[in-house]
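Hi everyone, thanks for coming. I'd like to walk you through a structure that may be new to you, so let me put it on the screen.

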Amino acid sequence: MRLLVVEDDEVAAEYVRKGLMEAGHVVDLAADGELGLEMARAADYDALILDRMLPKRDGLSLLADLREDGDVTPVLILSALGEVDHKVEGLRAGGDDYLAKPYSFTELLARVEAIGRRSDPSAAVTKLKVGDLEMDLLARTVRRAGQKILLQPREFRLLECLMRNAGRVVTRTMLLEKVWDYHFDPQTNVIDVHISRLRGKIDKEFDEPLLHTVRGAGYRLQV
């Protein structure tokens, strides 16, 4: 998922960002409410992780403006205010879930992925399969013909994108958006490098190639 974390505590924000990226997600950070609102309006996020107490604009005010705009992006509210009344207030303001501080990262990750699945039924899929290539999204494992294949986090996200679009051409622009979050120039060879590495891992030791280059268009994963 592409996520926006709005958190003014720099250490906490970096901790969450690192953990979410290690879990395969793309993460943007905003350090105050005004910037958070601006970024949420400017991009298409799968979910927001929103601290309640922020400089410049508080989290509930930010959330109210988003909902008034008609934005239905799932929002997990984080707050040191953990009383029942505070949670009710946050949920009634438009939050989809509420997590009191301190929290465990494991729980935060599970809640973010849960609200993401509710908003996108396709995200509920936990296993992908193309021919004899299998990916377990929960265990974060990949196997081909029963043989385990070790992938780096970026390679895993790249393969997941290709497997979710099996049989269809995935363009370089689509990969930049889904895997690299627009951070690279479309002319860069970073995609070619990662595709080459991925091909070496999922095709090299097997008789039938699955990952195909569609010249002038992009890439396609198919039997």
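Let's begin with aspartate 97. Is this residue buried or exposed? In this predicted model, aspartate 97 has a relative accessible area of 16%. The cut-off for buried is under 20%, so aspartate 97 counts as buried. You'll find aspartate 97 in strand E5, which covers residues 97-100.

What does the side chain of aspartate 97 make a polar contact with? Its partner is the side chain of arginine 111, at 2.8 Å.

Now please look over at leucine 35, in helix H2, residues 33-42. Leucine 35 has 33% relative accessibility, so this residue counts as partly exposed. If you'd like a sense of distance, take leucine 35 and glycine 94: they are 59 residues apart along the chain, and their C-alpha atoms are separated by 19 Å.

Next, strand E1, residues 2-6. Five of the five residues here are buried, so E1 is largely enclosed by the rest of the structure. Which way do they point? Arg2, Leu4 and Val6 point one way from E1, while Leu3 and Val5 point the other way.

And who are the neighbours of E1? One is strand E2, residues 26-30, which runs parallel to E1 and is joined to it by five bridges. In that pairing, valine 5 stands opposite leucine 29. Another is strand E3, residues 47-51, also parallel to E1, with four bridges between them. There, leucine 3 stands opposite alanine 47. Do trace the path from E1 through helix H1, residues 10-22, to E2: together they make a right-handed β-α-β unit.

Last stop, helix H6, residues 153-164. How far does H6 reach from its first C-alpha to its last? The twelve residues of H6 span 16 Å, close to the 16 Å expected at 1.5 Å a residue. H6 is mostly covered, with nine of its twelve residues buried. Among those buried residues are Phe156, Leu158, Leu159, Leu162 and Met163, and the list also includes Glu155, Arg157, Glu160 and Cys161.

Conventions:
Residues are numbered from 1 along each chain as its sequence is written. This is a predicted model: local features need pLDDT of at least 70, side-chain atom pairs count only at pLDDT 80 or more; totals for chains, interfaces and linings use all residues. Side-chain values use heavy atoms; hydrogens and water are left out. Buried means under 20% relative accessible area, exposed over 50%, partly exposed in between (1.4 Å probe, protein chains only). Helices (H or I, at least four residues) and strands (E, at least two) are DSSP runs, numbered from the N terminus. Two strands pair if DSSP finds at least two bridges between them. A crossover is right-handed if, with the strands pointing away from the viewer, the path from the first strand over the helix to the second runs clockwise. A polar contact is a pair of N or O atoms within 3.5 Å; within protein, one must be able to donate a hydrogen and the other to accept it, and residues adjacent in sequence count only if both atoms are side-chain atoms. The expected span of a helix is 1.5 Å times one less than its number of residues.
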